[in-house]
Amino acid sequence: MPESWVNSAERIGADLHLELSGPGGRRAALIRALREAVRSGRLPAGTRLPPYRSLAADLGVARNTVADAYAELVAEGWLTARQGSGTRVAERAAPPRGHARVPTRGPGRVRGPRHDLRQGAPDASAFPRAAWAASYRRALQQAPSEVFGPGDPAGRIELREALAEYLARARGVRAEPDRIVVCSGFAHALRPLFGGGVLRGPLAVEAYGLGFHRELLAAAGVRTVPLPLDEHGARVDRLTRERAVLLTPAHQFPTGGPLHPARRAAVIDWARARGGLVLEDDYDGEFRYDRKPVGALQGLDPERVIHVGSVSKSLSLAVRLGWMVLPERYVDGVLAAKGDREAWASVLDQLGLADFVVSGSYDRHVRRMRQRYRDRRDRLVAALAERAPHVEVTGVAAGLHAVLRLPPGTERSAVGAAARRGIALDGLAGFRHPDTDMPAHDGLVVGYATPPEHAYGAALEALCEALAPGGESGGHPAEPAACASPGP
Ligand SMILES: Cc1ncc(COP(=O)(O)O)c(C=O)c1O
């Protein structure tokens, strides 16, 4: 073993990597190495150093060498030594925690906007930490040792059984556990399905949709063909030679309506007649406010629909777990495309989620969030009706975002007016398929789930100001009026 490694600082429970090199003997080299580790922030303030004996044994130096080095650094102020609490890095010696960290996210994401009304994320402050921790703990305690080996690419059976029951009950999906393949979300599902050669293009998609998904498909060599949208959803009567169609039937993304029942039937008829396939993106199907939930399209014909869902909207984007419910003929191909072992979705997280679902915590969380988002939606609608009546609020029966329809030609200025008030949100134009010939609509996509509860009132107030008539993006002079109620 090279002497530069300290592998078992067992009494502090942490490994410590030190290079003993340079002139002046072992003691001087150790002092230099420790000083450098503190200066660079590798050993943060308060860190307890290994006892003399274990560090000496690991470095292959005399115990006195370590004792002398520690004493020297205490005298210089780098370390402190107190009876009973050992030798630690002094508070003032180390740079502030996190000092050396470099933000890795893109511009605008590091500090975040003052009011984040971008669609796509649930309220991160509402993550059910206690219930999740309880599920995770139970799952870990009960897990057999084989769990800690390589994972089955289909996913843990505990999770697939839990999902089969939940999806049948809550979403009307006809699912057997052996038709379910766990993945890390919708975006990941596209890889084995298209990148792995299970499905091929051309793929029909809705004329408005998530550009990120279109990019992933393009990168996999899949040509996407836009289907126009009308008040009943995607014009599935325009399907021709495509092999498959990607739809958001429960809640068209981003415009907001459900696919009309006649169109649901029609797209299944098309798939049966042409040997086609429907890829169902059920991204926020749990969140429906005014009517009974729209069941999954997959329930109409499980052999013609691949149903894909994830916990990204219902729980958190950070969990990175999703599922595909597959027609029988695709199961082997998808598993082969995933590889011999699970490489994407942590097996431990899968077990945690299985417990979370089976224990009822998932249902409780979804019900609680549904109530919260419904309240936010109602406040948004009421505030805009009062303060910006020229704006038509649409797509609000479900989901975590609304579409504010704007007079033609005003979208850009509205996004700009919002930005100047510290609001981040998207215009509809960013979701439009570049090849569609359907008429463009001006609008804003407002993600009302994203801000934490305490910040929502201020975000709404800022939005009302940005859109008020007479404001930068409005028409006539503003009436002074109270905006959104501050809320609970
Ligand atoms: C249209 C749409 N589909 C799917 C998803 C879920 O994506 P993922 O499961 O990859 O996190 C989202 C989430 O933002 C979405 O907006």
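Residues are numbered from 1 along each chain as its sequence is written. Because the model is predicted, local features need pLDDT of at least 70 and side-chain atom pairs count only at pLDDT 80 or more, whereas totals for chains, interfaces and linings use all residues.

An open sheet of mixed pairing is built from 7 strands, which follow one another in the order β6-β14-β13-β12-β11-β7-β8. Its edges are formed by β6 (180-183) and β8 (224-227), each of which pairs on one side only. Averaged over this sheet and with direction ignored, neighbouring strands are turned by 20° against each other. Strands are DSSP runs (E, at least two residues) numbered from the N terminus, and two of them pair if DSSP finds at least two bridges between them. The antiparallel strands β6 and β14 (residues 322-325) are joined by 4 bridges, and W323 in β14 is the bridge partner of V182.

Another open sheet, with antiparallel pairing, contains 4 strands in the order β15-β16-β19-β18. Here the edge strands, each pairing on one side only, are β15 (392-394) and β18 (426-427). Over 5 bridges, β16 (residues 401-405) pairs in the antiparallel sense with β19 (residues 443-447), where G447 stands opposite H401.

The ligand is surrounded by 13 residues, the closest being G185, A187, Y283, S310 and S312; a residue is near a molecule if its C-beta atom, placed from the backbone, lies within 6 Å of it. Sorted by class, this shell has 6 nonpolar, 6 polar and 1 charged residues, where Ala, Val, Leu, Ile, Met, Phe, Trp, Tyr, Cys and Pro count as nonpolar, Asp, Glu, Lys and Arg as charged, and the others, Gly among them, as polar.

Notes. Axes fitted to C-alpha atoms, helices over the stretch in contact; angles between N-to-C directions.
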